[in-house]
Amino acid sequence: MRPSGRAHHAMRPVTIETGFAHHAEGSALIRVGGTEVLCVASIEQRVPPFLKGKGSGWVTAEYGMLPRATHTRGSREAAKGKQSGRTQEIQRLIGRSLRAVTDLKALGEMSITLDCDVLNADGGTRCASITGAWVALRLALGKLHRERVLTTVPLIGQVAAVSCGLTDAGAVLDLDYVEDSAAAADTNFVLTAAGGIVEIQGTAEEKPFSEEEFLTLLGLAKSGVKTLFAAQDAAVVAAEAA
């Protein structure tokens, strides 16, 4: 039995609230169990220097945790004067995941930054960030389309992410902090609604895991993202109908 009492293939409750950031072009507050992340999309009419004059846009991300998102207070990275390696790795992952499903040429020479701020952390913050950020991005692009800045919504897919792991209860889906901190193997799967794989991160904490165990985890992830895609779709439909 899992500490939470969930079945091995069960997700935590997932909700996505849109319009949380009133001044942003797109925003989504995603809740996955006890993890809450505010994802905000901001549009700028410029691109990084390496893209100037190339007719291509850019999608990037920044990630951070509020000081009391965890059990004890963490120092603000701004106060330290630099980002941790973990923060840099996660925000690059979020950016890669979103660019994988965005038609940057169709976007044109503008940039969209997704700010993902963790309000409460209970495992899976990077996965929740990717899932929520896609909604914020979709709403921002939809706004540009409605305003006729863009002729289409330049998305070529839908992306979400979920964690899986090997624990004392076996292979399980959507690890919370208690499971994540004690797992023998921890994996993050970034998948598209069309069945594509954007990225897989996996680490054995004690001993190597087998290909068979990996495929079991992949199967759990594929089932879990269906719940996330449905939540994304519902959030976008509700926001654009309002």
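**Exercise 1. Find which residues touch Gly-165, leaving aside its neighbours within four places in sequence.**

Step 1. Contact means heavy atoms within 4.5 Å. With those neighbours set aside, Gly-165 is in contact with Gly-170, Ala-171, Val-172, Leu-175, Ala-185, Asp-186, Thr-187 and Leu-217.

Step 2. Before going on, note that this is a predicted model, where local features need pLDDT of at least 70, side-chain atom pairs count only at pLDDT 80 or more, and totals for chains, interfaces and linings use all residues. Residues are numbered from 1 along each chain as its sequence is written, and side-chain values use heavy atoms, with hydrogens and water left out.

Step 3. Now place the residue: Gly-165 belongs to strand β6. Strands (E, at least two residues) and helices (H or I, at least four) are DSSP runs, numbered from the N terminus.

Step 4. Gly-165 is buried, with a relative accessible area of 0%. Buried means under 20% relative accessible area, exposed over 50%, and partly exposed in between (1.4 Å probe, protein chains only).

**Exercise 2. Describe the largest cavity by its volume and its lining.**

Step 1. On a 1 Å grid over the protein atoms alone, a cavity is a set of points where a 1.4 Å probe fits but cannot get out; lining residues have an atom within 4 Å of a point. Grid points are joined across faces, edges and corners, and a volume is the space filled by probe spheres set on the points.

Step 2. Searching the whole structure gives one cavity of 30 Å³ or more. The volume of the largest cavity is about 60 Å³.

Step 3. Its lining includes Met-11, Val-32, Cys-127, Ser-163 and Asp-174. Two or more lining residues come from each of α4 (125-146) and β6 (159-167).

Step 4. Sorted by kind, the lining has seven nonpolar, three polar and two charged residues. Here Ala, Val, Leu, Ile, Met, Phe, Trp, Tyr, Cys and Pro count as nonpolar, Asp, Glu, Lys and Arg as charged, and the others, Gly among them, as polar.

Step 5. Look at α4 itself: 19 of its 22 residues are buried, so α4 is largely enclosed by the rest of the structure.

**Exercise 3. Trace the pairing of strand β2 (residues 26-32) with β1 and β3.**

Step 1. Two strands pair if DSSP finds at least two bridges between them. β1 (residues 14-18) pairs with β2 in the antiparallel sense over five bridges, and Val-14 has Val-32 as its bridge partner.

Step 2. β2 and β3 (residues 35-44) run antiparallel, joined by seven bridges.

Terms used. 1 Å grid on protein atoms, 1.4 Å probe; cavity = no way out; pocket = protein on both sides within 12 Å on 5 of 7 lines; lining within 4 Å.
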